[in-house]
Structures are given as structure tokens and as C-alpha cells.
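Please walk me through this structure, stop by stop. I have it open in a viewer and want to know what to select next and what is there.

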Amino acid sequence: MAVPSLRRDKPGVAASLKAEFSRSDGRGSQLLSELLDNVLNPKRPVAEAEGLEWCKCLMAGGERFEDFCQTVRAYDHATLCGLVWTANFVAYRCRTCGISPCMSLCAECFNAGEHTGHDFNMFRSQAGGACDCGDSSVMRDSGFCKRHRSTSGSSIPSVPSDLMMMSEHILPRVIFRLVQHLRDGYSESVSDPATERDIQRTLQQMEPLVSLLEDLTKMGGAMRSILTRVLGNHQIYKDLSSGDFCTGEKTYAKKNYDKYLTALKGSGLVSSEERSASSVLDHMAGASNVTILGATAGAGQRESSDEEEQDGSQGIGKRKRVKFCNGTKDPSIVDILKHKCFLEEILFWTVKYEFPQKMVTFLLNMLPDQDYKIAFTKTFVQHYAFIMKTLIKSHESDTMSNRIVHISVQLFSNEELARQVTEECQLLEIMVTVLLYMMENCLVKSELQDEENNFHVVVNCGEPLLKNNTYWPLVSDFINILSHQSVAKRFLEDQGLLQMWMNFVSLFQGMNLNKRELNEHVEFESQTYYAAFAAELEACAQPMWALLTHCKIKDMEEYTRTVVRYCLDALQDWFDAINFIDEPSPNQVTFHLPLHRYYAMFLSKAVRCQQLDLDSLLPDQEMLMKLMVHPLQIQACLSEIHSNMWVRNGLQIKGQAMTYVQSHFCNSMIDPDIFLLQVCASRLDPDYFVSSVFERFKVVDLLTMASQHQDGAPDPEHEKSMLEGALTFLVLLLSLRIHLGMTDDEILRAEMVAQLCMSDRTHSTLLDLIPENPNPKSGIIPGSYYFENMLSAVADFKAPVFEPGGSMQQGMYTPKADVWNIEFDPIMVILRTVYRRDVQSAMDRYMGFLKQTGKFDGNPWPPYRERALLNPSYKGLMRILHCKTLHIVLFTLLYKISMDHQNMSEHILCMVLNLIELGLDNLPEESVEEEEMLGEEHCSDSWFNGTNIATNLHHIINHVRVRVPETAPEMIREPLASTSSDTTCVQSSNTAQVFSLVAERRRKFQEIINRNGSSTIHTPDVRAKTSKWTAPNSTPQLTTTILEVRESMLSLLIKLHHKLSGKQNSYYPCWLEDSESTSRLDPMQQIHGDGTTAVERILIKTAAQSRQNKFSIEEICRKVTPPIPPKKNVSDKKALDKEERRQKARERQQKLLAEFASRQKSFMETAMDIESPDSDVAMDIGSSEKQDSETVYDCVICGQSGPSTEERPTGLVVLLQASSVLGHRRRSTEPKKLPTSDEEKIYPEDTCGTAHDVRITDLQRYFKDSSCLQSVSIGWEGGVYVQTCGHTLHIDCHKSYMESLRNDQVLQSFSVDKGEFTCPLCRQFANSVLPCYPEKNEEKCLWLPCNNKTLHVLIKEVEEQQEQLGMFPVSISSVTNLSKEMESVMKDIRSTTQKKYIDYGKIPGSPDNDFLFMYSVARLNLELELVHRGGNLCLGGAGATTKRSCLNQLLHVLAIHMRLFRIDSAYNPWARLTRLTQVVDSGICDDEKPDVPLLYRDVPSLLMILALTMPQELHKEHFTCIVKVLYNLLYAQAIATFSFRFNEEEREVWKNSAKLQIMDNSEKSSEVLLSHIISELSKGNLYCASNTDQKSMITTTIWSPQSLEYSIQQFCLPFFRTAGLLQHHLFSDDLPCCQQTEEEFGMLARYLRLLPTSLNSNDEVKSFFCLDWPLPALDIVSQWCLEVTTSTESHSKQVMNLLVQDPQWSLPRLLRLPENYNTIFQYYHRKACVHCSKVPKDPALCLVCGTFVCLKGQCCKQQSYCECVLHSQNCGAGTGIFLLINASVIIVIRGHRFCVWGSVYLDAHGEEDRDLRRGKPLYLCNERYKVLEQQWVTHTFDHINKRWGPHYNGL
Ligand SMILES: [Zn+2]
Ligand SMILES: [Zn+2]
Ligand SMILES: [Zn+2]
Ligand SMILES: [Zn+2]
Ligand SMILES: [Zn+2]
Ligand SMILES: [Zn+2]
Ligand SMILES: [Zn+2]
Ligand SMILES: [Zn+2]
């Protein structure tokens, strides 16, 4: 059979081939193979559509491929989700359900699972991941979603063999084609951009093929298992790939295979064939690793020379190498690869191509297949070293790192799998070897200690590998596998591994060395330190924590012992390598001692969790002395840095000090260091330890009794600070119990208290500040239930509030009172502070608490706290408190402070007292015994006889031998003493010897060394060094003198009490004065207070220790105190105190209450008030007050006052802004809900803006354009709102002000060119000046209202005035400065909004249009004011708004302009309103459209027109007359409107029922008018149209006279309100107010003077009371109805819409948001935009109308405007409020500027989560949303938000 033509019908061929196969004579296979030779020929493009089509067809065996997929999917056995995602995907993590910390779920599985109340969060995937749902090795079953919970595998039938048969035969060839392509496309040198392009092309070409494979993986378990078989089969690979395959293609196959071998070799790898040869070489060279080591420059060369020297003892390089070789069991780890199946070679290429995304996704998609997972993991491990090598070389290492971890996390998170590969594939060896290999590439010689004889090598933190953190994928994998118990055990058991690991860790020991600059400021501040800290944390500490987790139980104690042993070995090696003997080099510090820290943390674990004997784990004394040196050096150095002794090293050294104690590092750095020092202190000789501390802190010279001393190492200015540091360190060392007995609970509590005491914290900051135990399985997981419980125990929550000025506070936690009272621990605060000011802040807050609660009024001292019980293993630590050296220091300092020596401070005294008190609280058990044991040796120097502080306190020192400079004051005074009678006595043992700390330390050191028999080797070194030490005698300029002291520590303490209290003899032993009150004897009762409190407490404790102490104190007091104790006074005072305190408490409570009330008030003001925050500086506008004299304005620029005149007008600072707020009003009082599903939608049809648009369009179709433009108002959308801050200025002053702004170099946040400025006085944003109209008071007097004119007279007068306007030129025509300014502001107003919001006329720019725009501006500003008043006028003048209004001025400007328009008197509505006209149907001419019937006209618009076209000043009686006339029309409109709401029967009833009443001639009754209007309108057949069309709309409610009256009132109210406000502004009439909303109608009717005077003020007001017809009512109503009925034919469809008006709108609201942010996020973050139909990268939502836009997207850009900006113009006329979906933040766009407003969604702790970083559930904060809405409605975004920036239309 011939090879089938490619053009043949594919399904047919496929079907026949499949049939051939079933015959099993091998013919099928041969035919297929021939076909595939053709289809998958390497000469054809790799992913040719035709070829792929063939493959699909063949696999489907003649079926449609889609059907085939369907069928295969039915056999899916997998119960895992396994969905693979790439970067930026939104996934979930649930800590409650997760077993592995890496567990993650896709949104679908998360939402379908049950996680309510769990500790979960949403996160944006960085490296990509896969869904773990269904994998019980990673998460608990209870968290599986419904889909993956069922283990329904059994119910699925097994796959029929013939279904997959074709695939089984085809797939090997498909995959081989892929491999061929990968081989062909690769070329080595990657640095060349051309080859890189080639590689990209190769990847692109094969993409369709990989997609096909990916699709296959998605077909479920059946297909995946076929793929697994193909990928893993050795035979298939051998047959196809080795080059013997393919008849006639041999040459190609060979070449292709050679390319593969070349690539293998090019990667520094050896192929399987060459393996045997290379292994021979290995043996010859000793180890393959030599080459690796040899490659590193410095260290490598050194080794070889060492080897030659045969210097065994110091050859660190050699030792390292030797160990390295021992550890590396299999040299093939790094450089040998052998591929046995497709999977292996494909992975090889995937690595080679640096993990192309497509390939990664394909490989990961296969993971749900268990066999594949195992095979793939093994392959991955096999390539591990190669992967890391490629990574180091890669220049896109970030992307590659992410892809690597994307894969490895899936493999290594599974404990079973990790264990398997650890055992079978040496995973641990590979990882450690590769880690070492990586670091070997960037080693430098260590310069620590002995620079010349240092053989230690460390990593160079300046290398890219460390700086870029390139090693993190490897380290993170390592930590991941160590988190599995079985793997960790394996690691701890293998001594070779441990040794290798310690070698690795020691590469970081001492890195990034700092040398103190003593002379000049360092030229270049190296920024390597962060790399160093990151490296220690990630590469050393994190694996340590992972290992420590597994050393928690007794069973593991052997492992701990092993680790400790290896740590000590490594440390010993290190000390040797750096040539360390006993003293650190001065002025050097490294913060990196990972070996020390390993040792410390394993020790701590051993003692705490495994109850091991500490001593069995400790080295000898000499080693302990060495161990303490470097950590102590760091502590001293911290103090030096704080004392500014390292300033010349630049800021970076401060950065290091901060990082060292910072919350993410302290657990792994400072805490182990302090602990190790505590261990050393507990075992070393206390005198040695204490003197070492003072020596390291360089304060030895300060610790002499002399008032002056020789200049020591630190400058005098640093001395005090260093001494403070040293003492503080000792207190810290003795107080801290973090590793010495505190439980995890207690630690967490103490950490939390420390952070909260420094400052109130938000939940997330606190979480971040609490040192994170890096081990996630330890139980202290931040954010867990545990954390929350602790938090609520120590802190109170302060809900988020608004601060004045509109800035929003987040929810905060503040310490409970009891915390301040009992738990506040300054020591803990000091330990955890980065800045000194944080300690101060804690103390200030503490003082505040004491003052507030009346506990203490002065400046308190840090409270002394009792400590957690010390673990007995560390009891020795307390010996420090009972050593002579410390006591001498304490005595000396007490003496110096009491003598006012220089460089002493309160802080020093505080620490001294603290140490004494600690001593008293921790007395040695064998105190009595010890005192008896006193040997001669101890008192040889006559200082103290014993070591117990309790006894030494009362020991009197009479004389002290001191060495002082000859100039010291002692030298002048002392000669007397030396010649005194008791000279001999002085010379004898009674004189304390010169005390030298250095000498003391040296002596002790020698003692220890000598005791240690083993240390013979080192003794010579020590001796050699001896000469270097500054012996006390070697300072010639000092002389020895004897100081008379005669004090004990007790006497000094009592003196200090007097000193501190500022009173002579202030101390009197309390037990003498008040014996019956035992409570006073409890010293811990007195914690809060100053120094005197502390001294008193110490004295009480001392007295309690022994009778002798008590006696001594009494004696001292007797000497200095008058004999009569002030007992009575004290108790009186106490009683008085009590009363006083009670009083104070009462006052405090009242103050608190008042404060609370005012806070509430200010909240209401800032949150709800529509005023600007600067209201208090604003002035009243003069014009709003009617005064007899002319109004005087102050100019805020020149400061002059005067009236506004025609020549020099004054103006109001105003902000003009376009507004569409009113256009967004709706009928319903409930705000629209934001849609959160496809079913929900918002229709814009029911908004006020749309309704008015429809109405004007309808009118324009049938009526004369000019008439239409007077029948409505516009500006609902894009109208201009005018607001002012109330400040006035001369307009010429303003012009020069603008000029100066223009020349100002400072960049303004506003654009001066657009006329923008800020008010010179209150800084409120503004953009124009509104001229003030000069008042003519004489005129006003002339026009005082007189009430006796009849309506007829008034109508006449109005008409006359209206006509005047056409005849007389108005004053504005004569050009003055004022008129120019009025014109200019009118121009500003017009240009504030877009043209489309002005031009409604058919002829663009017609004067009718302008006229419409101007009265609409007046209307809009009135309506907006109404909205600001809450939508009604019930509150009247006392309403919410006392806002400065500029409406009066605005109305003047508008009126002056409107009068310029000559309205043809033929169209003047006044005549039609007040007269019966003859020519009713004159409108129906041939081409002329008729006028708009009066019944269609908008009455408030008519009011504006009539009021603003009257000459100024308008008289009130004329205004009232206009309102009366218009009310009649409005009433008729109301009746007509309601008549349409009746059904036919009702209408008939109403029509007839009133007929009788007509006889009564009661024209005013609504029934009569209703009946009349119904019959009049019936003539035009209007109701018929409505009956047929609108039946469904008719309400079912039955109309009663009461409901009719109510409806009429409601209909008329909007007009009343507008008219009322207009009257208020025109005539400055105070607005009335009423109690209930029902009274509003009557109240306004009275205010507008519509009611007859006869009406009693208490009578109920009916709407028809206000009617006042100038003509027979029925006649004029008939005329109005006729206007409608004569024109109906033309627009019968619209009659209903035009005639039925509904003037009521609810207040503008933003969309209603769902409670939970997730509802929004889930729907919108993957929703496609309707314009570009893509899912936007930054989606945003308009909160006004719900439109979904692409923020910043190029996709939806129109003429350089991005979609968001565009929408802000269309939706809000330049104002837009957008919710950024991916950030949960709201931005506000205002014109060309924008600002980030903040978030209205807060988490459970009242915090924002910008960019959803924490991913915790967020809930709507209604208060904040209300504030947002308020700012929108009141147009105050510009004033309240401060941070505006230009958006350049790019949002
Ligand atoms: Zn899933
Ligand atoms: Zn699931
Ligand atoms: Zn859960
Ligand atoms: Zn001025
Ligand atoms: Zn102002
Ligand atoms: Zn919108
Ligand atoms: Zn879009
Ligand atoms: Zn778009």
C-alpha cells in the first residue's frame, strides 16, 4: 500500500488505519509509521497546522477530535485538581487546612470548599503554582472542594483498549519530533543577541505543538497515563533518539543526535557514553571536585601552596577541601548526566532553554499522574545540579528562579515523594553539594582578627550571586524538604552531610566585616550589608529553624548532640583559622556568626525540649571564653554605633545595627547571641565575665573613684553613653528569659506588649513587628487564632476614626491599662528597638498612663519587673550579681553619682539600682556558707569580704587608693589624709586597693587557663601577649593617692535618696514609722515612681534580708535624720492623698466624658459637614447681611476694606466646577446595587439626566425650538456649580496675584495657566473670581414692600417691567470695570463645562441656547443647595448648612446677562399666564411648529426666567406675584398629571362628582378643577391613548380626596423649595423651619406668602388655599388644555410623557456596595471589558454608574485619553470615582488631576489592604463610604483631599 497522500480525507485514513491495527499483523503499525514519516518529517515546519491536524485525526481514529476528547475525559480517574497557574494568578491559602505551608488552592476549589472561619488569605501568585485540592499529603481532606472530595475513582469504568490505541502509537513520534526540534534549534553562546533571537524563534515555532500536548494533559487521567508511559519508556527513547531510526533519514538523524551531544558537552556535562572515560580521570585526580575548587581564584590557589608547605595545623583551605571531598559521595552530582527516556531529555532542554513557560506548564499539567510525578521528580533531582549551574549563568535569573520554584514546590512539598528521592537519588547530598558549589564561586579571604595569618574564607557579599539573591530557589527547596520529618532525620543521621553543611555555614561566618573608620569619613558606603543579612537569614538560619523543629522531642536527643558536636568542631576550626587567641581586634565587627547561632539554638532546644544536661553539651572553659568574645563584641559595637562612634562609616553601619535587631532577624541573630552570652556567663568566672564586659565597652577608665582619669579609648563625649550601654547590657543579660525559661506564650505576650507600648499599632504592623518564628510548624504562626487571643488579652481595639481635615485613621490596638500597670517592661523595649526614640516614646506613654490614672505625677523611672522563673540549668548566670568586681563597680558608681562626678547620668543610676535590686532578688542559696568560707585571698585588696550583695551592701569602705592625674581635685585635698594620724591604718588592709578591671580580667584568665590542664599549647601565646597589656603602673602621669570615703553602698543609697528628692533627710525607714502596715513592706507594691521609689524599694528589700542590714540602715538614718519621725504627718498625708486622688479620679472621668463628646462632635463635623475644614478662619460675607450702610469687603491680598464699586470691583474667590451629580439622581430612594454577576445590570434610563434628555428631545420634535429651550432646564449633567470659601479680594489685586503665581518657580499642584489658584487666605482651591454687585441702598428703601396692592395691579406692574427691558438699555452696556469682570466670569462659567452640555438648540450657539444655559446655572445651584440641605427645607435656616453661599452674587451676574437677551414679547410667557388670548391656534402655521403648551412647561424654569429677567433690584411683591401666578399653572399641571393616573371608571366618577360643586362657584376646590380638566382633556382623546398603552402602569391604589391632596402637595413641593431658596437668597429672608415633614408644604406656602391673610396660622393648609386666580379659573384652564388638545394629533404617542410630569427625585447616591470585598473582586478581576473584550490588567469600576473600565490600558485609549479619564468626562463631567479592583483602593479624578482617596473596605482589624497584599477578607466600612458620597455630593473633593497629581489622561 502506498503512502497515503497528505491531501486525502484524514478521518477516513485514520479510521482505516485503526481498523488495520485491530488485525494485529503489524501492517497497521507499518502504515502508520510511513504516514508519520511524512507528516512529522523534520524537514517540514515543526508545528505545521496540517501536521497537527493529522495527529489529532489519527489519535481520534476517525472520530471528531472534540468527541474523542469528550470520550477520554469520561475515564478521568484523577481526584486531584492540579490546575496549573502562572504568575499573577489569584489563588488562596488556608493555614487551617494546609499541612504544608506551601499549600495553595485555585479560586474555584477554594470557593467550593468549606473555609468559613479559617485562617486563610488570598494572594497573587508570584512564581506560579498549582492547585492542591484533593492532595491529602499537602492539605487536610476537610478542605477539599466537593468536586475533589469524592474518591469516585472506583465508579469509573476502565479504559477500553482500542480507545487509546492510536494515541499510544502516535505520541512517541510526536514527542520525538519535539525533541528533534529542540536539538536543532539550540546554539550555545547565549550572550549573542542574534542567537538569543534564534532561541526565541525556536520556542515560538514549537508553541502549537506544545499546546497540543498541553491539551492532551487536560483530557484527564487516561490520556495522562499514556503520555507518562511514552515519556518514561527507555526502549522507545532508545529506538527513536539514538539515530538508527528513520529509513532514508539517517544522515539527518545522526546530525541531530550529534547536536544533542554537543549541547551536553557545552553545558560542562559528560554524556553517558563518556562516563567511563571520565571516571578514570576522576580517580587520577583524586576527586572531581578539585576542578571545581580550583576554579575559584583566591582560595583555590592558596590551597595548593598550603599543600606544598605541608603545614598541617593551619591549612584551612586544605582541610576544607578534604572535608568537601569526603562529603561528596558521588562525583557525578555536579557534572554527569545520562538520559534514558524522553522525559529526561525534555527536561534537559527545558533547562537549557531556561524554562520556557509553555514547557513548564505542560510538564506540570502532567503531575496529577502519580507515576509521572515520581518519574518527573527523580528526573528533576537528576538534573538539579545542572539546573542550578544554568541559573547562575542566566541573565534572566529572576524569571528563571520563579519557574524553577514553580516546579520544585510541587515536587518537594510532598513528604512521601521527598523522602523517596532523598533515599533513592541522594537529594540531600545533591542539594548540599550544589549549595557549596555555588558559594565556592564567590569566596574571599577573611580579614577578621589576624589579617595576615587568617586562613578562613568567606563569601563576598558584593558578588552578584549574593547581591541578587540568585541562590534562593535552591535554599527554598532545601528548607522545603527539611520541613519533612523523615528527610530531616536522614540529614541529621548522616555525619558526612552534617560536616559538609557546617562547612557551608562557616563560609558565612564573619562575612561582611566592618572596620571602624577613625580619621576620615568613608569614601564609599558599601551597600553589601543587606545581601549579607539576607544570606545569613535564608541560607543559614532558615534551614536551622527547619532542623530545630525536628529536635523537639526526647527521642531526637542524639541528633541534637551530634549537631552540637559538629558546631563546636566547626567553631574550633574557625577560631584556629582566624588565628584567634583571646582578645578580639579592636574596631572590627561582623554581625555574622551563624556557627555561634547554630550552636546556641541547638543548646537551647536541647535544654528546653529534650531536658539534656547543659554541661554535657558545653566545651571547656577556654572555648567558652572564646565563644563569648564575638557576640559580646557585637553588643559593645551596638552601643558604640548608638554613641556615634561609627559615624565615619556612614549610614550603612546604622542600617546593620537596625537590621540586627529588626523583627525578621532578631530571632536568628541577636536572641541567639544574647542567649550564648548568658550561657557563657552562667559557666565562666563572674569576675572575668563582668570585667570583660566593661573592657569591651571601653569604659574601664571611667570606673575609678577619682573625679578625673586618663583619657581612655572613647572620647569623653562617648564615655557616658558607653557606660550606659554597658550597664544596660548587663541588666538585659540578667533580665532576659527568652531562652531561659519563658514559654512560647509568655514570649509572644512580652513581644506584643513591648511593641504596643512603643506606639499604638495596626494589626498588620504588629504582625510584622512580632519576631516571626521562622518555623511555620512551631505553633506560633502569626495571624493564627493563637495570636488573636493573645492580642485581645493585652490590647484594646480603637476603631477607625476620621480626623479633622478628612484624613482617615485605621483601626489601632492600644495596650490595656493593666499592661501598663503590670507588664510594661522597658528591658524588652530596649531589646527590640531600632531607634532610641522608641524607648523614649514608650516611657512617655507610660508617664501619660501614670498621670492619667493618678498613680504617679512626676517623671517616672523605668519600672522594675519581676522575671519569669529561671530554668535551673542557667542558675549560674546570677553569680554575676554576686561578684566582687560588679560590687566594686556599683560602689564606685554610687559614690561618683553622689559626688556629682562628670559623665554620670540618671540612666546610669537607674541601671545601677536595677542591678542591686536584681542581686537582692536573686541571692545565692548558700549565702551563709559562703560568708564563712571567706578566704584571705578574697579580702586582700580590702574592698569586700564576700561576694554576696546582701552583705556587701552594708560593708563600709573607709579609704580607697586611687590613681589620679596630678591636677585632680583630690590631689589638693588629700595630702591631709595621708599625713593624718591613722596613716598606718590607711596603709594597712583597711584601704581598698587600686582596682584595675583589666588586670582583674587578666588574672582570672590565667587562673582559668592554668586550671585547664589541656591548654598548654596556648599558654605561650598568652604570655607573649602579656606585654601588650597596659599594666596599671605604666602610666607615668598618674599618681596614687588615698581617698577617704567612709561609705557603704547603703549609706550612699540613702544619700542619693536625699539628693533625688531634693530634701535633706528625706528618707526614713518605713518599718519604723508604720509598723502595723505590713502592706507597705511589700516592695513590689511600689513599682511606679521615680528614683526615690526605687531607692526605698531597695532599702526595704535589703532590710528584709538580714537584721544587720536593717540595723545599718537605721543607724545611717539616725545619724542624718532628726530623731522624731514625721509619722503623723505621713499618715495624714496619706489620708489626704486618698481624698485627693478620689477627687482627681472624678475630674478625670468627667474630662474623659467631655473629650469623648467633643471627639464625637468633631467626627460628625468632619465626616458629615459639607464645609471646608478651615471654616473657622473664614469670614461672613458682608453682602448677605442687610445693613443700612454700604457693604464693606476686605481684600485678602492687600488687606484694605471698602465697598465694591463699578471702577474697582471686589470679587469672591470661587471654584467653578462642572457637575453631573444631580443627573445621577433616581426616583427610588434606595441606591442602586453594584452588579456582581452577569444577571444583574444597571439601566441608566431612570436617572434624572436621561429623563430630561428624553423630554427635551421629545419637545424639540414637535415644537418651536426657541420655545422648547425655555420650557426646561439643563445642566443636570455637566452643569456648572459655583462655590466659595467666602473670602473676597480686589479683582485687580487678584490679577497681580495670578501674575506672581505664574512667575513662581515652585511647582504648583494646580495649573495657573488654567486660572487655578488657592485662596491667599485659606488655601482652598479656586479658579475664578465672582464680582460683587454694588448695592444701591437708596433704591432698596424706595421699594419697601407694601401689601395693599391687588394681584391685578401687581401683574400689571410686572408686565410693565418686563416690557421695559426690551426698550431701555441696561447699565451693563456702558462699559465699566465691573461689567467687564461680569462678562469675564460668565465666560469662565461657560468654559467650565464641555460644549455638549451647553448646546441643546438646533442652531448651535443661538442666543436661546445661551439664555437656557444661564438660567439653568441658577437653577442647578439652587437645587444643589437643596440637596446639601438634605432634600427639603424642614430645617430652615438652622439646617445643616451654614455654608457661605455666593448665590446672591451669582444671581446678579446671571440676571445682568439675561437681561441682555431681548425676549420677544410675543413669546413672553407672562401674558399667556395672566390673560386669555384670542389667537389660540395661531401656532399651527404651515412650516412653523407651535409653541410648547404651558401645561408641558417646567414651572421652576419659568420662575427662573421671570425672576432673572426682571430689573434689579427685584421687588419682593413682584416676586410673590410671579410665584402666585406660576402656582396656578403648577396646580393645573398636577391635576392633569393625576388625571392620567386614574383608570377610566375613576376618571368618570371624579368628572361627575364635582359637577355639583361647580354650582357652588368654588373655583378653588381641587375636585372642581379636576373635573373640569378631565372633561377638557377628554376632548382631545388623550385618555384613550393612555388607556390602551399604559394600562399596566396604572396603580391599583384607590384615589381618595385625601390621597389626591397629599399627591398634589408632593407634586408642588419641589417648586416651593426652589422658590423658597430663591427668595431666601434674593431678599436675604431667613428661612423658616418646621418639626415634621408634613408641615413643610404649609410652612413654605406661608413663607412665599401664597396663603390668604385671613388664614389662621394653626389651620391645616390645603393646597388649593394657595390658588389665587387673576381671571376666572375655568376659563384660563380651558385655554391651557386647548393648547394641548389642538396639537395632539402630531404627537399622540408622547402626550402622556409630556403631560404627566414627576418633579420628585431622591437624593443622589453612589452605588450600593456589597458587604464583602471578595464579591466584587471575584466578579470583576477577571471580567472582560465590553470595549476591547479583554480582561484588563488594571480593572476599575465607576462607583457612580457601575461602568467597568480598563485603567491605564492602551486597549481602550481614544485620542490619547485612557478609558478611565474618558469615562470621568462622560459620566461626571470631569469628576470620576473609581474603585481599582486589584488594589481595593478608590481614586478620584477631578479634571486634569487625580488623587488616591483611600479604601472603603477594611479588614477585620479596621485596616486598609492596599494592593491586596495581605489578602485577608475585607468588609465595607459604611462610615467611610458615606464620607466619600458626601464629598461627591458636596463637590468638596478638591478641598478635602490633599495629594493631587496630574494624570496626563493616562488613567
Ligand atoms: Zn483547584
Ligand atoms: Zn477542588
Ligand atoms: Zn480551610
Ligand atoms: Zn486688594
Ligand atoms: Zn478663602
Ligand atoms: Zn460612571
Ligand atoms: Zn476597556
Ligand atoms: Zn481595554
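What is the geometry of the site of the zinc ion (ligand 4), given the angles among its four donor atoms? This is a predicted model, and in it the site is tetrahedral, with donor angles of 97 to 118°. For reference, the ideal angle for four tetrahedral donors is 109.5 degrees.

Select the zinc ion (ligand 4) and show the side chains that coordinate it: Cys1195, Cys1198 and Cys1293 through SG, and His1290 through ND1. The distances run from 2.1 to 2.3 Å. Along the sequence, these donor residues follow the spacing C-x2-C-x91-H-x2-C. Cys1198 sits in the loop between strand S15 (1193-1194) and strand S16 (1201-1202), while His1290 belongs to strand S18 (residues 1279-1290), so this pair ties together parts that are 92 residues apart in sequence.

Next, colour Cys1198 and His1290 by accessibility. Cys1198 is partly exposed, at a relative accessible area of 33%. His1290 is buried, at 7%.

Now colour the protein chain by confidence. Its mean pLDDT is 79, and 79% of its residues reach 70 or more.

Key. Residues are numbered from 1 along each chain as its sequence is written. Chains are lettered from A and ligands numbered from 1 in the order in which they are written. This is a predicted model: local features need pLDDT of at least 70, side-chain atom pairs count only at pLDDT 80 or more; totals for chains, interfaces and linings use all residues. Side-chain values use heavy atoms; hydrogens and water are left out. Donors are N, O and S atoms within 2.8 Å of the metal (3.2 Å for Na, K and Ca); water is not among the atoms, so sites may look incomplete. Four donors count as tetrahedral if all angles lie between 85 and 135 degrees; four count as square planar and six as octahedral if opposite donors are over 155 degrees apart and all others between 65 and 115; anything else is irregular. Helices (H or I, at least four residues) and strands (E, at least two) are DSSP runs, numbered from the N terminus. Buried means under 20% relative accessible area, exposed over 50%, partly exposed in between (1.4 Å probe, protein chains only). pLDDT is the predictor's confidence in each residue, from 0 to 100.
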